[in-house]
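Let's walk through this structure together, one region at a time. Please have the sequence and the 3D view open as you read.

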Amino acid sequence: MFSPSLKKTGSSPVDSNKNTITIGMDIGGTNCDIGFVNQHGTCLQHLSLPTQNGTAFEGFRDAALRLIREQLRQLPTYQCVAMGIAAPGANSRNGRVSDPSNLGWPDVDLTEAFGRYLPFPIYVTNDANAAALGEKKYGAAKDMDNFVLLTLGTGLGAGIFVDGNLLLGRSGFGGELGHTRISDESRLCGCGQMGCLETYVSATGLRRTVMELIAKYGQSAGALAHLDFHQLSAERVGVAAADGDILALEAFEKTGAVLGKKMADWATVLDPEAFILFGGLTRAGEFLLDPVQRSFQKALSNFLRDPIPVVLSGVPHGEAAVLGACHISEFLHQIQEV
Ligand SMILES: [Zn+2]
C-alpha cells in the first residue's frame, strides 16, 4: 500500500523505571481540552483553556505549553511518550490545520509548533478521526474493524475504519463524508460547493431546514416561527419536537431521511459492521434516529442482508476526542508500517 510519511516529531528514549502517559489535546472552537492518560486509558488529569479569546496562535500555544509542562512536573513518576492533537480540519499527513477559520488563526503546522518545544512525538488528526479512534479504543466500536463514526455537530464529520485501519487517503482528507453531495442546486456549503450533505445534516443544516419550513407554512408555522435564525438552535428544535411541534418533527424527519439515504450509499462502498452517531445533534434521540433508521433500511441494497446497526456513541461526549487523540500515534503507526 502506498503510504506517504506522516508528519510527526522526534522523541527521547523511554525510561524503563517510569510509567508511560500520553497527552491528548482536543482543540475546539471555544475550548481546548488536554488529557493526561495512562497506559490503561485512565485520564489522570484533565485541563482546559479557552481558544476563542482573540489570542493569536502563538499566545494559545504558549499557554498550552505552560499547562503541559506544569502538569508533567506534577507527575514525576510518569514519562510522556507522545501527544496527539485533534482539531477541526487538521490533517494527519502534513500535521497542519489548513483552515482554522473558526479559531481566527492562520494556516498552522501544529506538529512543528508543539514539536519544537516538547521532547516527544506529536501526531495530528481531525476531530472526527479522533472521535473514531476513541470509539475504537473505548466505545461501541471496540470489537469492530470496519465502522463509520459520524459526528453531527455544527458540521458533519466522519471517521472511517476499514479492515482495522483508519482511512486517511492520499493527502489526509479521506472520509470527508459531510461534503458528499445530495443535490447540485440547493444550499451553498462552506467548502464552496452546492448541496453538500452537511448543509442539511448538521445543527446548522437543521436550522436552515426549519427556516425553510417556516417560510413555507407562514402564520401556521407554530412555536418556532417567531424565532430568527440566530435564536434558533438544534436544541430548541429538539425541545419543540418533544412538545409535539409539527414543524420541528418535520424538520427532523427530513434531516434523518437525507442522512439515512446517504448512509445506504456508503454501506455499499464500505460494508461496515455499524454506523455510530456522535455529537450534539444526537441529543434529539428518537426524533432523529427513527427517520434515519427508516430511510437507511429502505435504501439499503438487497445484497447487504445482514443488519447494519445504527448506534449512538459509547464514549462520553466530553472525553471522546481527548481519549482518541491519545491513540492517534498507535493507529497512525499501524498505517505507516503497512
Ligand atoms: Zn461542502
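How many residues does helix α7 have, and how far does α7 reach from its first C-alpha to its last? Before the answer, a word on the ground rules. This is a predicted model, in which local features need pLDDT of at least 70 and side-chain atom pairs count only at pLDDT 80 or more, while totals for chains, interfaces and linings use all residues. Residues are numbered from 1 along each chain as its sequence is written, and side-chain values use heavy atoms, with hydrogens and water left out.

Now to α7, which covers residues 286–299: this helix has 14 residues and reaches 19 Å, close to the 20 Å expected at 1.5 Å a residue. The expected span is 1.5 Å times one less than the number of residues in the helix. Helices here are DSSP runs of H or I with at least four residues, strands are runs of E with at least two, and both are numbered from the N terminus. Within α7, the residues L288, L289, P291, V292, S295 and F296 are buried. Buried means under 20% relative accessible area, exposed means over 50%, and partly exposed lies in between (1.4 Å probe, protein chains only). The cover over these buried residues includes β8 (147–152), α6 (246–270), β11 (274–278) and β12 (310–312).

From there, step across to α6, where you will find T255. T255 is buried, with a relative accessible area of 2%. Contact means heavy atoms within 4.5 Å, and, leaving aside residues up to four places away in sequence, T255 touches Y200, V201, L206 and L288. A polar atom of the T255 side chain also lies 2.7 Å from the backbone oxygen of A251.

G238 sits in helix α5 (residues 234–242) and counts as buried at 14% relative accessibility. Beyond residues up to four places away in sequence, G238 touches F252 and F287.

H179 is partly exposed at 31% relative accessibility, and C191 is partly exposed at 41%, whereas C189 is buried at 6%.

What about the cysteines and disulfides? A disulfide is a pair of cysteine sulfur atoms within 2.5 Å, and the structure holds 0 of them. C43 is in no disulfide, and the nearest cysteine sulfur, that of C326, is 7.0 Å away.

Finally, look at the loops. Most residues other than glycine have a negative phi. D163, in the loop between β9 (156–162) and β10, has a positive phi of about 50°. D271, in the loop between α6 and β11, has a positive phi of about 45°.

Note on methods: Polar contact = N/O pair within 3.5 Å; in protein donor to acceptor, adjacent residues only side chain to side chain.
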